[in-house]
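Please read them with the structure open.

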Amino acid sequence: MGGHTSNYVPTSRWGKWLDERLPIARLMQSSFVDYPTPRNLNYLWTFGGILTVCLLAQIVTGVVLAMHYQPSDAGAFNSIEHIRRDVNYGWMLRNLHSVGASMFFLAVYIHIFRGFYYGSYKAPREVLWILGVIIMLLMMATAFMGYTLPWGQMSFWGVTVITNLFSALDTIYPGLGTAIVEWLWGGYAVSGVTLNRFFALHYLLPFVLTGVVGLHIWALHVVGQNNPTGLDIKQPSDTVPMHPYATAKDSVGLFAFLILFAWFAFFVPDYLGHADNYVEANPLVTPPHIVPEWYFLPFYAILRAFTSSFLGIPLGQYAKLCGVVAMFSAVILIAFAPWLDTSRVRSAKYRPIFKWFFWFFLFTCVALGYLGSKPAEGIYVIASQIFTLCYFLFFLAVMPIVGLIETPSRLPRSITDDVLSKGGTGLPTGATAAPESR
Amino acid sequence: MKKHLSLTLLSMVAATVAMGSLSAEEAGHQEIERQKWSFSGFTGQFDKAQLQRGFQVYKEVCAACHGLKRVAFRNLVQPGGPEFPEDAVKELAATWPNQITDGPNDEGKMFERPPLLSDPIRGPYHNDNEARASQNGALPPDLSLIARARDSHREASWYIHPFLMLGDILNAYQEGGANYIYALLTEYSDAPADYKLTDGKYYNKAFPGHQIAMPPPLSDGVVAYQDGTPSTVDHYSHDVVAFLSWAADPSLDQRKRIGWQVILYLIVTTGLLYLGKKRIWKNIKH
């Protein structure tokens, strides 16, 4: 709804004075108060607001934690224990921040899958979608660096394994990968120097993230929200003002989500972590299983699916490089969804074939997550390879082909028609149409 | 028909659980049994008397080799812990066998002094090398975080796994480390005939690899309880594990108490917001 103009009227002299110089109240009113939102949005659309709160919560708890944290080889682990034991409510801040990262990813994954199901990536929302992928990449980088900060065994060995991935570039140009890895580490091994720079970046990136989120919301408000029917907004009765309608629904969704958040933060704060991270980093002792945080497991499974061969295809010395390239493409590929999907119908509700592939894609991602947590041996490797193939086929085969061969079911004429035909009252649509506009 | 179906389902679940436990044993994994703890679940809190007994076991047995460097003497007084009287802890600190290295003094020399309330509960060794030198190369780990730094996993088939995970989340299960340490303390035995035990090591079913450098630390009657609790290895183990769980998570009581306040507030608010939302949307089909 780029054409939406504000009906803001300053109520005080000071308000009028400011409005003529910096119309920020007008902007807020048009963006978050009388902004028209589709009337048929379901609770999956509350995750945008939930994610904003997650980001702010991470920044607030993170800034306070940083006041008590020491980013050094000798001090990091001790300072986390200092926060947990001696800082007033430090245990709470720490749990909220570490569990908060997990909740952030849970919410962002639900947000992304909602986008896939209802076709939110399709024109005219391509830029909005790409900004979303950039946000996810920034989140991943931030979370990865954040996980190194407690400087436990899993932190240390997680950084060692993941930064070492760049050494795969040695197979393209000898020495290139090693040079990059040493540049990242700031030395010849992961050390306090690495920790210190990761802390600096971990503090910086959330603010970059906030900037891109600003662009994401801007782009959203230019093209307008998608909705469960995937139809464009065609008439005023298709929408309701953001406040109080969408805000009322958003707050229900947010508080319900916070119940889950609080459950993890207060009752099972260690559940999503790993016991080995309560052992201080030790370069001389390798933990038996090195696993990343749960939100990276699907990508980790893709990385490890490329052993000396992939589904019988020998990879030889390029195995590691293939794994690294596959892992990064798995994320980057999401950005191309707007052009890979050939169907003009947005919502999977009206796409009888794509709908099933969507659920299978969701299953693929969960399966990869499970496999990422298992040791890379025997049946797990073969299963990882099969599901990795499924993951890429969803983008490279299902999206282009299904759009061409599928006959979509009949679309409703408008959002208003769709909501009014629900419930089977048998009344003619005109009788109850848009009560709020009468 | 319905009854038949549910019976079939039930027997399928039973069969898979049985298969799961079978495969776990085949793989040589010792399933760690889950113990009952006063502090388990989402309402559990520490039992003060048990923490006091647990500290007694630590002091009279474990402290011979293991330190507790992240716990200060003052923590033994604070709420949510063993809550010993302050005077008793002051006296305890003053007579603690492992002194604190302080200094330099006015002559520029380092010196040893008895710990104060604010000092950490130190073990007998000044550093890891000293510990290894006097323990045949083995390192007795500091016990401050041991209850959180260990875990015990259940083996299950992939289709059972999600249900176990959900069960653990709903029951607020966090005692994997406590259960492991309890098993470690109680599952010493003679090695099976076909097991080659290295000299100077002990057979322990719970320990990964089954051979451990620590000799069985507990035996019946080794600690004399004052409160009439039976002096058995089982009681010692439960008590000391409870104490170590507190040492690793001293804010547990407060965390769960505040947790309930937060959760109840959120549930009530969500309910109110939902009613508000219903009212706002009453005249709008959506």
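1. I begin with A:H221, which sits in helix 9 of chain A, a helix that runs over residues 192-223. Keep in mind throughout that this is a predicted model.

2. UniProt, in an unreviewed entry, places a "binding site" annotation on A:H221. Is A:H221 buried or exposed? The relative accessibility of A:H221 is 16%. Buried means under 20%, so A:H221 counts as buried.

3. The secondary structure of chain A consists of 17 helices and 4 strands. Among these helices is helix 9, where A:H221 is found.

4. On overall dimensions, chain A has a radius of gyration of 24 Å. A compact globule with 438 residues would have a value near 22 Å, so the figure for chain A agrees with that expectation. Along the principal axes, the C-alpha atoms of chain A fill a box of roughly 75 × 60 × 40 Å.

5. Of the contacts in chain A with a separation of 6 or more, 80% are between residues 24 or more positions apart.

6. Chain A carries 26 positive and 22 negative side chains, with the centres of the two sets 10 Å apart.

7. In chain B, an unreviewed UniProt entry gives residues 258-276 as a "transmembrane region". In the model this stretch of chain B is 100% helix and 0% strand. The C-alpha atoms at its ends are 27 Å apart.

Methods: Residues are numbered from 1 along each chain as its sequence is written. Chains are lettered from A and ligands numbered from 1 in the order in which they are written. This is a predicted model: local features need pLDDT of at least 70, side-chain atom pairs count only at pLDDT 80 or more; totals for chains, interfaces and linings use all residues. Side-chain values use heavy atoms; hydrogens and water are left out. UniProt positions are given in the numbering used here, feature names are shortened, and annotations may be inferred rather than shown by experiment. Helices (H or I, at least four residues) and strands (E, at least two) are DSSP runs, numbered from the N terminus. The radius of gyration is taken over C-alpha atoms; the globule rule is 2.2 Å times the number of residues to the power 0.38. Contact means heavy atoms within 4.5 Å. Lys and Arg count as positive and Asp and Glu as negative; His and the chain ends are not counted. The place of a charge is taken as NZ of Lys, CZ of Arg, CG of Asp or CD of Glu. Buried means under 20% relative accessible area, exposed over 50%, partly exposed in between (1.4 Å probe, protein chains only).
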